[in-house]
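User: Hi! Could you walk me through this structure one question at a time?

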Amino acid sequence: MYCLAVLLVVLTLTHAKKSPCFVFPGETFLEFRPANFNNSHMVHYQLEFQTIAEEGILMYSEGPDDYEALFLSQGKLIYLLTNPSPSGVEGTSGGLYVSEAQVNNDTWFKVDLWRNWEKRGRGGHRGTVLQTGMEIRDPSKNSLETHIDHINHRGVLLDPVVYVGGIKSSLTHTQGTAPPQFEGRIRRIHEQRNDDAFEHYSLNFDNKVKRC
Ligand SMILES: *[C@@H]1O[C@H](CO)[C@@H](O)[C@H](O)[C@H]1NC(C)=O
Ligand SMILES: *[C@@H]1O[C@H](CO)[C@@H](O)[C@H](O)[C@H]1NC(C)=O
C-alpha cells in the first residue's frame, strides 16, 4: 500500500515534469533558451493549446533574416515561415500553412509542427522526404487537418531562443506587425530534434504566466 502510494507520487511528479502547462493572461510571454538547442534548418515541435481568443501568438523564433511564427488569426491557426535568401535575389523559400477550421472554441488541440523534417520514405521509396508544415488534432477526432509541403526550405537560420505565448517588443522582424499576446493555455511543448520539453523558461515576463 505504502509502496503503491510512493510509486503514484513519483509517477505524478515525473508526469508533471514532462508536461508543463502554462496559463497565459494575454499580456505577456515566456522566453526559452534551452541548453545545446539547435533550431536552425530542421525541427519538430509538438504542443497543445486551448483558447477562445481569435488572435494571438503561440510560438515565435527569429534569426538574422528568417523567422517563424505559430499564431491565431480570426480563430484560425497559422504557421508562417519566412526565409528570404541572404542575397534577396533568389526570392524566398518560406511557407504559409493555415487551418481551415477555427480552433478557438475552448477545445484542447494538439499541434505537430515540422520544418525540413526528414521522414523515411515508405514502401518503395528510398531515402528520406523532407516535410514542413503542421498537423492539428482534436483528441475526439483522429486527425483534424494536415498542411504539409515537401519543399527544401534551405538555409533557415534561427537563434536558439523560443518565445511562447507572445514576443518581446524589441524583436527585429515584427515591429508593429505582430499579432497580440496569447490568452489561454499551452501545455506539453516538446521539440523532438533536441528532445527538449520546455520545462524551464529563461524569462517569465512580468511574472504573469502561471502554471496550470
Ligand atoms: C545547427 O544544425 C545545422 C544543421 O541542421 C548545422 O548546419 C549548424 O551548424 C548547427 N548549428 C550549430 C550552432 O551547431
Ligand atoms: C471545436 O472546433 C473543432 C474544429 O472546428 C471541431 O472539430 C470540434 O468539434 C469543436 N468542438 C466543440 C466542442 O465545439
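Analyst: Happy to. One term is needed before we start: two strands pair if DSSP finds at least two bridges between them. Please keep in mind that this is a predicted model.

User: Which residue in E6 is the bridge partner of Tyr-67?

Analyst: Strand E5 covers residues 67–73, and strand E6 covers residues 76–82. The two strands run antiparallel and are joined by 7 bridges. Within E6, Tyr-67 has as its bridge partner Thr-82.

User: What is the order of the strands in the open sheet that holds E5 and E6?

Analyst: That open sheet has 7 strands, and its pairing is antiparallel. Strands E7 (95–102) and E13 (203–204) each have a single partner strand, so one side of each is left without a neighbour in the sheet. Reading across, the order is E7-E6-E5-E4-E11-E2-E13.

User: How many bridges does E1 form with E12?

Analyst: Strand E1 spans residues 21–25 and pairs with E14 in the antiparallel sense over 2 bridges, where Val-23 has Lys-210 as its bridge partner. Towards E12, which spans residues 183–191, the pairing is antiparallel too. There, Cys-21 stands opposite Arg-187. The number of bridges between E1 and E12 is 5.

User: Which residues of E1 are on its covered face?

Analyst: In a regular strand the side chains alternate between the two faces of the sheet. In E1, the uncovered face has Cys-21, Val-23 and Pro-25. The covered face has Phe-22 and Phe-24.

User: Is Thr-146 buried, partly exposed or exposed?

Analyst: Thr-146 has its place in strand E10. Its C-alpha atom is separated by 9.6 Å from that of Val-98, 48 residues apart along the chain. A residue is buried at 20 or more other C-beta atoms within 10 Å and exposed at 12 or fewer. Thr-146 has 13 such atoms within 10 Å, so Thr-146 counts as partly exposed.

User: Which residues does Met-59 touch, beyond those up to four places away in sequence?

Analyst: The largest nonpolar core has 40 residues. Met-59 is among those with the most contacts inside it, together with Leu-58, Val-164 and Ile-186. Leaving out residues up to four places away in sequence, Met-59 touches Tyr-45, Ala-69, Leu-70, Val-162, Tyr-163 and Val-164.

User: How many charged residues does the shell around ligand 2 have?

Analyst: The residues around ligand 2 are Ala-101, Gln-102, Val-103, Asn-105, Thr-107, Asp-138, Lys-141 and Leu-144. By class, they include 3 nonpolar and 3 polar residues. The charged residues number 2.

User: What about ligand 1: how many of its shell residues are polar?

Analyst: Around ligand 1 are Asn-38, Ser-40, His-41 and Met-42. This shell has no charged residues and 1 nonpolar residue. The polar count is 3.

User: Finally, what percentage of the residues count as buried?

Analyst: The secondary structure comes to 1 helix and 14 strands. Among contacts between residues at least 6 apart in sequence, 69% join residues at least 24 apart. Of the 212 residues of the protein, the buried share is 31%.

Conventions
Residues are numbered from 1 along each chain as its sequence is written. Chains are lettered from A and ligands numbered from 1 in the order in which they are written. This is a predicted model: local features need pLDDT of at least 70, side-chain atom pairs count only at pLDDT 80 or more; totals for chains, interfaces and linings use all residues. A nonpolar core is a set of buried Ala, Val, Leu, Ile, Met, Phe, Trp, Tyr and Cys residues joined through C-beta atoms within 7 Å. Two residues are in contact if their C-beta atoms, placed from the backbone, lie within 7 Å. A residue is near a molecule or strand if its C-beta atom, placed from the backbone, lies within 6 Å of it. Ala, Val, Leu, Ile, Met, Phe, Trp, Tyr, Cys and Pro count as nonpolar, Asp, Glu, Lys and Arg as charged, and the others, Gly among them, as polar. Helices (H or I, at least four residues) and strands (E, at least two) are DSSP runs, numbered from the N terminus.
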